[in-house]
Amino acid sequence: MSYSAFSVFRHALTGNRHWPRAWRDPEPKKHYQAIIVGGGGHGLATAYYLAKEHGITNVAVLEKGYLGGGNVGRNTTIIRSNYMLDGNGPFYELGMKLWEKMSLDLNYNVMFSSRGVINLAHSKAQFDAFARRGNSMRLNGIDAELLTREQVREQVPHLDFSEHARFPIFGGLCQPRGGTARHDAVAWGYARAADQLGVDLIQNCEVNGFIREEGAIVGVQTSRGEIRADKIGLAVAGNTSVVAAKAGLERLPIESHVLQAFVTEAYKPFVDTVVTFGAGHFYISQSDKGGLVFGGDLDGYNSYAQRGGMYVAEDVITAGLAIFPQLGRLKLLRNWGGVMDMSMDGSPIICKTETPGLYLNAGWCYGGFKATPASGWCFAHTIARDEPHPLNAAYTLDRFSRGYAIDEKGVGAVPGHH
Amino acid sequence: MIRIDCPQCGVRDYTEFTYGGDATLQRPTSDCDDQIIWHDYVYQRENPRGLLRELWQHSQGCRCWLEVERNTVTHDIQSVQLASGGSVSGGTR
Ligand SMILES: Cc1cc2nc3c(=O)[nH]c(=O)nc-3n(C[C@H](O)[C@H](O)[C@H](O)COP(=O)(O)OP(=O)(O)OC[C@H]3O[C@@H](n4cnc5c(N)ncnc54)[C@H](O)[C@@H]3O)c2cc1C
Ligand SMILES: [Zn+2]
């Protein structure tokens, strides 16, 4: 069924007791044309675009837990395409364009809100660096506006503009079309739309091994039995190294690290854009329920634990108080962690591997939520056509050995620093 | 809080230490001109879910580099030793 204002009214009349389930719960078939391992945002989007853009509907998404239980349901939902390097800018900009029409396309309200993303600059030098970034964005056709201190003040009046500010605000760089979306709705929207096109979403189905024939990968061993497929794509985010090792990719340019997120109690309207601190690592936005959603640094050591340490919580909150001292009055409601697939240059991998039948989508670091639509779109293209789309052509595994790392921050091969 | 038992200084919070990552990597000798070996050293990681041998420097203590065996899921620490392989000379602790 299609969701509409009419269906909302009609179901309200019967107490919302008769909504049909949003997607089927099928038994896995013996064979599929394509299998996507991982039912996060990227896996679900890939399945959807395989069906929609390439007519490949005999597809299964295998998820070890429940759909959306991974990072797609744990992130701080910031969406932007303020990248500088060529391999990145146009890719994330495709993402922005897909975000802008996603709710209509999926017939599901993902609550995408172009509320703008403002990066604060705290010195003349930083402001100049932002001007350079803004200019490269504009050269790639991406919106970017440099803001003076007064312009920042107009948009975010509650920032600390007093003479006590530890890091006085000099100005900022704004991407007006950036913003946030409802993360769970993105997973559910893609799931429901893929299911309607015939994709089987198989939950509680952990991939434990791969079936190999004559050097090619031809299927998977799962907690629900063997399932075969012509093509198998991995989109398991923080668990990439574990799953890929079973498929023969013993080492990858990836480390798993934990990142935490925080939400306060609901508060009156306080900040209506996304704001990032320029003198420390901190980013914040306000959810529609009123909770302030924020985050900062990784915990700093390899981790597969979906929780972080108190020390980093303290560090993130300290950074927050430096720009919004009044946050100190709010109670923290919840905090949690997710396992990030940190790549060696901070950029992702979307490619065919050297093993026939095996495709890889990984290395999303902090920024994979915003990439969800573009990642699914490009990964579907790569799987369907057996070659990358020009927009993900730079995201290969061999870029490191060829000397084509895409290191947006220029920090080198230390994944925890990206 | 992860706590590391430094052989020189005793049990300390991990916040006194600087993380150095995977300790099993072998740096190629400086005359090595095999690009693949360098590539593997700089970029490729096993990234295990479970026991990892890793480096931590006690940067706010004795400044020694330590080799720590830690479980990346539970954070249980199995062993700590000086990365130099040396033993602690009497009396420092
Ligand atoms: C705290 C936090 C804040 C973040 N903030 C932002 C942000 O503001 N903006 C942004 O753009 N990005 C952000 N990110 C990053 C973003 O959430 C991730 O990069 C992105 O969600 C990863 O892709 P995914 O949705 O497919 O991952 P996931 O949702 O993690 O999907 C991977 C799935 O694979 C499944 N899986 C793993 N192993 C197996 C197996 N063996 N068999 C079957 N299934 C398996 C997992 O259960 C999981 O559901 C944040 C992440 C975290 C943790
Ligand atoms: Zn010490």
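# Exercises on a two-chain predicted model

Chain A is divided into domain 1 (24–81 + 84–107 + 183–254 + 345–417) and domain 2 (117–179 + 255–343), with bounds that come from an automatic or database domain assignment. This is a predicted model, in which local features need pLDDT of at least 70 and side-chain atom pairs count only at pLDDT 80 or more, while totals for chains, interfaces and linings use all residues. Residues are numbered from 1 along each chain as its sequence is written, chains are lettered from A and ligands numbered from 1 in the order in which they are written, and side-chain values use heavy atoms, with hydrogens and water left out.

## Exercise 1: the overall form of chain A

Task. Describe the secondary structure and the dimensions of chain A.

Solution. Step 1: take helices (H or I, at least four residues) and strands (E, at least two) as DSSP runs, numbered from the N terminus. Chain A then has 11 helices and 18 strands.

Step 1: compare the radius of gyration, taken over C-alpha atoms, with the globule rule, 2.2 Å times the number of residues to the power 0.38. The rule gives 22 Å for 418 residues and chain A has 21 Å, which is close, so chain A is as compact as a globular protein of that length.

Step 2: along the principal axes, the C-alpha trace of chain A spans about 70 × 60 × 40 Å.

## Exercise 2: the two domains of chain A

Task. Characterise the interface of domain 1 of chain A and domain 2 of chain A.

Solution. Step 1: the centres of the two domains, taken over C-alpha atoms, are 27 Å apart. Contact (heavy atoms within 4.5 Å) involves 35 residues from domain 1 and 36 residues from domain 2.

Step 1: buried area is the accessible area (1.4 Å probe) that two parts lose on being put together, summed over both. Between the domains this is about 3,000 Å², and carbon and sulfur atoms give 53% of it. Arg74(A), Met84(A) and Tyr366(A) supply 26% of the area that domain 1 buries against domain 2, more than any other three residues.

Step 2: count salt bridges, each a side-chain nitrogen of Lys or Arg within 4 Å of a carboxyl oxygen of Asp or Glu. The interface of the domains has 3 salt bridges.

Step 3: count polar contacts, each a pair of N or O atoms within 3.5 Å; within protein, one must be able to donate a hydrogen and the other to accept it, and residues adjacent in sequence count only if both atoms are side-chain atoms. There are 17 residue pairs in polar contact between the domains (both at pLDDT 80 or more).

Step 4: on the side of domain 1 that touches domain 2, strand E3 (78–79), helix H3 (89–100) and helix H8 (240–246) of chain A are the elements that give two or more residues. H3(A) has the largest share, 6 residues.

## Exercise 3: chain B against chain A

Task. What does chain B contribute to the interface of chain B and chain A?

Solution. Step 1: chain B has 1 helix and 6 strands, in the order β-β-β-α-β-β-β from the N terminus on.

Step 1: 22 residues of chain B are in contact with 24 residues of chain A. The two chains bury about 2,100 Å² between them, 53% of it on carbon and sulfur atoms. Of the area that chain B buries against chain A, 31% is supplied by Tyr43(B), Arg45(B) and Asn47(B), more than any other three residues.

Step 2: the interface of the chains has 1 salt bridge. Glu255(A) forms a salt bridge with Arg45(B), with the closest N and O atoms 3.4 Å apart.

Step 3: helix H1 (35–43) and strand E4 (51–57) of chain B give two or more residues to the side that touches chain A. H1(B) gives the most, with 3 residues.

## Exercise 4: a salt bridge within a helix

Task. How are Glu150(A) and Arg153(A) placed in helix H6 of chain A?

Solution. Step 1: Glu150(A) forms a salt bridge with Arg153(A), the closest N and O atoms lying 3.8 Å apart.

Step 1: Glu150(A) and Arg153(A) are 3 residues apart in helix H6 (residues 149–155) of chain A, so about one helical turn separates them.
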